[in-house]
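This briefing concerns the arrangement of strands and helices in one model. Please examine the structure displayed here before reading the notes.

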Amino acid sequence: MNKTKKNIVIIGSTGIIGSYLYEKLRGNKFFKTIGTSSQKNIENKKYYLDLTISDTIYSFLEKKDNIDILVFTVGLAHKKGKGRDIEEFRLINYQTLVSLLNKMSELNKNPTKIIFLSSISVYGERLKNSYYDESSNPNPLSPYAKTKYDAENFLLKNYPNNSWILRLAPVYSKKFRLNINRRIKILNFYYMVGSGENYLSLLNIKNIMTVVEGVINQKIPYGIYNVSDYKKYKFKNLLENIEVRKIIIPSFMVKSIYLLGKILNNIFLVENSIKLLSDNIYSSKKLNQFIEIKYLFHNNNSIDN
């Protein structure tokens, strides 16, 4: 193998983001890209690795060369959880990372770079706050957000100078529209709250690849970064060119749901109401100092432009 070739391991390469990064990176002649999955009998030369079982971690690491770049994409996707679910989220979003890195340290195979996919949800939705950057104080509310933030702090404490923590805005691609549809669609009906003038941040999956390449190619210093499209969107932008009747939901109805969520201490109702009632802008200005985040959303079936 070419000595200049970098060994890149993508942990969780069967998820939406992990599989995308794996397919893009494995075609690059300068990398040796390894993908993992917690499922056995997987295709595309991915390796079995169940991070909740110590023996499978040792077995995986002992057979591999030194790992230059570790891309950690594991997480409970699109499920924020209730308070009683905290242990399940801690196992997947926090303990898996800790277990893997501890085993790598024991075997003297610490990665040179760790790219950890976190979430803008660590800031916590706040009705009176519309703009968040890396200087904003985190206030994680859901079990998902709390355990992602715990993982961030583990990296900052133990691997401060070789960790890249990427706080991703809601991700979309041509094939994956869940994070868009959940904001404009209920069952088979499209809707808009009020005039649709509120702003939100989204993240084209291609921009994640741009950032990962920037880290690999030493263009981005270690640290914490918000990752979002450079353009912010209005809710009504998401509904452009959709030629069906749209339901207009008065803002006061969503405010009532928000207040009910506060009374019931229901995180799901509170967070999702805030997303619809206020601006939620997660600036990627810090990243744009180092690389060009150029891909945007276009609601015409060509959102990868």
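L117 has L166 in β7 as its bridge partner. Strand β5 (residues 113-119) and strand β7 (residues 163-168) run parallel and are joined by 6 bridges. The model is predicted: local features need pLDDT of at least 70, side-chain atom pairs count only at pLDDT 80 or more, and totals for chains, interfaces and linings use all residues. Residues are numbered from 1 along each chain as its sequence is written, and side-chain values use heavy atoms, with hydrogens and water left out.

**Sheet**
- An open sheet is formed by 7 strands in the order β3-β2-β1-β4-β5-β7-β13, with parallel pairing; strands are DSSP runs of E with at least two residues, and two of them pair if DSSP finds at least two bridges between them.
- β3 (47-48) and β13 (223-227) stand at the edges with a single partner strand each, so one side of each has no neighbour in the sheet.

**Helix on the sheet**
- Helix α4 (residues 143-158) lies across β5, β7 and β13 and runs at about 155° to β5; helices are DSSP runs of H or I with at least four residues.

**Helix pair**
- Helix α8 (residues 251-264) and helix α9 (residues 267-277) have axes that come within 8 Å and cross at roughly 155°; axes are lines fitted to C-alpha atoms, for helices over the stretch in contact, and angles run from 0 to 180 degrees between N-to-C directions.
- That makes α8 roughly antiparallel to α9, a term for angles over 145 degrees.
- Residues of α8, including V254, I257 and Y258, meet residues of α9, among them L269, I274 and L277; contact means heavy atoms within 4.5 Å.

Definitions and conventions: Angles under 35 degrees count as roughly parallel, over 145 as roughly antiparallel, 65 to 115 as roughly perpendicular and the rest as oblique.
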